[in-house]
Amino acid sequence: MPNWGGGAKCGACEKTVYHAEEIQCNGRSFHKSCFLCMACRKALDSTTVAAHESEIYCKTCYGRKYGPKGVGFGQGAGCLSTDTGDHLGLNLQQGSPKPARPSTPTNASKFAKKMGDVDKCPRCGKSVYAAEKIMGGGKPWHKSCFRCAICGKSLESTNVTDKDGELYCKVCYAKNFGPKGIGFGGLTQVEKKE
């Protein structure tokens, strides 16, 4: 049946999408305000979207859900091997459940949700906003708090390790939690017994 005077239906909210507000992805139309990652709800554009069947994700969430798993497959601080995506509603043990989308989003509730549902930094306990967020060990950190717990060295995805919810540089981690003995960092000489 022809769609007189209207546009296609939005892939997220199922309402009519008129040509002036239409974003197309994977053969489907979306409102600009509905073109959001299904897991973390981050706004998407043509460079950040990753589509899987009828679902759309940001590249980070798509990698967590459908990318390779195991040591050595991380793509930066947001994808460390200990980061399972549980805080985003990504259930990796089961198939691919579709997270529920709100049926009638309102601007007031969106604002309240964005402002009231802010992550807390594990180091300082203060709110972490998107502009200052770095993910490590599956938790959000301030850029200034993303430091080794022992030496205070600033960390990045190539030199960070985590243990029991705390971050360490690889050197401090090896000294404090790695194997002990000759040739393993701590001891350089064998004690002689007399």
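**Exercise 1. Count the disulfides, then look at C169 and C172.**

Solution. Start with the rule: a disulfide is a pair of cysteine sulfur atoms within 2.5 Å. By this rule the model has zero disulfides. Now take C169: it is in no disulfide, and its nearest cysteine sulfur, that of C172, is 3.6 Å away. Turn to C172: it is in no disulfide either, with the sulfur of C169 at 3.6 Å.

Next, check burial. Buried means under 20% relative accessible area, exposed over 50%, and partly exposed in between (1.4 Å probe, protein chains only). C169 has a relative accessible area of 3%, so C169 is buried. C172 is at 9%, so C172 counts as buried too.

A note on the source: this is a predicted model, where local features need pLDDT of at least 70, side-chain atom pairs count only at pLDDT 80 or more, and totals for chains, interfaces and linings use all residues. Residues are numbered from 1 along each chain as its sequence is written, and side-chain values use heavy atoms, leaving out hydrogens and water.

**Exercise 2. Find the buried residues of helix α1 and say what they pack against.**

Solution. Locate the helix: α1 covers residues 59–66. Helices (H or I, at least four residues) and strands (E, at least two) are DSSP runs, numbered from the N terminus. In α1, C61, R64 and K65 are buried. Look down the axis: the buried residues of α1 fall within an arc of 90°, so they line one face of the helix. That arc is taken from the directions from the helix axis to the C-beta atoms. An α-helix has 3.6 residues a turn, so residues three or four places apart point the same way. Finally, the partner: the buried residues of α1 pack against β6 (55–58), with contact meaning heavy atoms within 4.5 Å.

**Exercise 3. Describe the whole protein chain.**

Solution. Count the elements: the chain has three helices and 12 strands. Then burial: of its 194 residues, 29% count as buried.
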